[in-house]
Amino acid sequence: MNVIGGGLAGLSAAVALAEAGWRVRLFEKRPYLGGRATSYVLPDGSHVDNCQHVTLGCCTNLADFYRRVGAAERIRYYDRLYFADARGRRYSIGLSPFPPPFHMSPSFLRFSALSWSDKSGIGRAMMAIARAGGHPPGIDGTSMLDWLHRMGQTPSAIERFWRVVLVSALDEELARTDARYGIDVFWKAFLANRTGFRVGIPSVPLAELYDGCRAAIEKRGGEVLFRATVRGFRMNGQRAESLVFDDGSEITGDAFVFAVPQSALLDLVGPALGDSNAVFAGLRHLHDSPITGIHLWFDRPVMNEPFLTLLDHTVQWIFNKTRLYSTPERNRSAAGASKNEEGQYLQLVVSASYDLVNRSRQDITDLALREVRDVLPAARDAKLVKSTVIKEVAATFSPEPGSDQWRPGPRCGIDNVFLAGDWTRTGWPATMEGAVRSGYLAAEAVLQAGGKPQRFLQPDLPAEGFSARWAHNGTARI
Ligand SMILES: Cc1cc2nc3c(=O)[nH]c(=O)nc-3n(C[C@H](O)[C@H](O)[C@H](O)COP(=O)(O)OP(=O)(O)OC[C@H]3O[C@@H](n4cnc5c(N)ncnc54)[C@H](O)[C@@H]3O)c2cc1C
């Protein structure tokens, strides 16, 4: 069994297949694992994530994968969400003893960044989602923004609530987001279950989460090959016969899971198959959406909270990396603290960062610094020791209205070729959870084709409280 791509989709497929007894060869073009959800070391020794990655309590397959590879202990969960506005005022939202979907209602009612008319509109829309079990009628082909207008949301509720949550979760503006994806985020994370909203953040640089993957593959006689760039594959009738590499060499195989981004897959299959095969041809309809990460190192502590969501700013999240990597050894090696013992490392995220793509890194750093100083008064006197900006122009596929129809399942019409990747049809947007689901689904398809079906996909968190009663009311499903 050959898996091409060592991101979360390829890793989860490879680990699942190894556990099912297959000898897996995993080919990854880079010298490390994790794909888009990874980290690397800067020339001065600081570890930086490609971008801060966050999981949620409702991401059951990602949690399962972390357990399988021994990384679960490296994710810390937070039960309170912190917000700051342009005047630096703080707000937070957390749990109450009320049953879902009302478990966050008391703190939401106290959330003074929104007016009563904003909140009553949001409450109505939330109840429409909850009472329909997450699947309200009449949303096919609708954008999230259109649905919010239809639900009578005020401009400030849209800007300070819906947009704040969804642009980060889906990496797209509301006008370009399919309402199904947006509604699903609220149902799964905030309405169905008490723990779906919990924010999970790695306490180590991302690449360290994958230490156990290689061992899991090698334990069953498989291997992981780095700097192995696949350029294409050779067909023999209805089957793929071999992989062709950068240097012209070939490796034959019985079955292949391609777990590369959709644009890379189109390069691999080439123009002829890319046009004639409906699955591959459809991928051209999926568009990319950018995310920009800004890393700032200060000469002193400027922030107490583990993370903050910003209202009314370009920057959407600030993560206090020094606190998140809070063991003394980790502070020294990962946050670059050995050279900056008293300092603090912050990581800022801007999703759907279309406006930043063509701006210079200096411009982006200046903008980020201004906004940090807006919300963190201690940063006004602090010195910026160093900074780096990472622009991911093709961070995720854009969840545009109707985009789901172009997302294929794990089969593509070639007998022994299987597909995985956050862009495949998982029911989830482009997330780590979506990538792991796709890997598990591909592994299930391989085993099904081999006549030994096995299940890896984990169920969603069960709906609780009143939401459990309403969970089956829905009309349509992703
Ligand atoms: C900036 C940013 C922030 C994000 N934030 C979050 C977040 O907070 N939470 C969240 O859940 N998700 C987040 N995501 C999305 C998440 O990272 C992805 O959905 C997920 O990692 C995709 O995994 P994948 O395996 O499908 O693809 P990838 O991670 O892209 O893996 C594909 C792998 O294939 C390899 N490859 C490509 N071509 C070849 C070839 N020809 N030969 C061999 N190997 C090849 C690549 O090197 C790569 O390792 C973020 C993404 C980005 C970019």
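Pro101 is located in the loop between strand 8 (90-93) and helix 3 (105-109), where helices (H or I, at least four residues) and strands (E, at least two) are DSSP runs numbered from the N terminus. A cis peptide bond, with omega about 10°, links Pro100 to Pro101. The structure is a predicted model, in which local features need pLDDT of at least 70, side-chain atom pairs count only at pLDDT 80 or more, and totals for chains, interfaces and linings use all residues. Residues are numbered from 1 along each chain as its sequence is written, and side-chain values use heavy atoms, with hydrogens and water left out.

Positive phi values occur at two further loop positions. Arg227, in the loop between strand 10 (223-225) and strand 11 (230-236), has a phi near 50°. Asp312, in the loop between strand 16 and strand 17, has a phi of about 60°. Most residues other than glycine have a negative phi, and most peptide bonds are trans. Arg227 is exposed, with a relative accessible area of 65%, whereas Asp312 is partly exposed at 43%; buried denotes under 20% relative accessible area, exposed over 50%, and partly exposed in between (1.4 Å probe, protein chains only).

His313 lies in the loop between strand 16 (307-310) and strand 17 (317-320). His313 counts as buried because its relative accessibility is 13%. A polar atom of the His313 side chain lies 2.7 Å from the backbone oxygen of Leu311, and the side chain of His313 also forms a polar contact with that of Asp374 at 3.0 Å. A polar contact is a pair of N or O atoms within 3.5 Å; within protein, one must be able to donate a hydrogen and the other to accept it, and residues adjacent in sequence count only if both atoms are side-chain atoms.

The shell around the ligand comprises 34 residues, of which Glu28, Arg36, His53, Val230 and Asp422 come nearest; a residue is near a molecule if one of its heavy atoms lies within 4 Å of it. At least two shell residues are supplied by each of helix 1 (8-19), strand 19 (384-397) and helix 14 (432-449). A backbone N or O atom of Val54 is 2.9 Å from an oxygen atom of the ligand, and a polar backbone atom of Lys29 is 3.3 Å from a ligand nitrogen atom.
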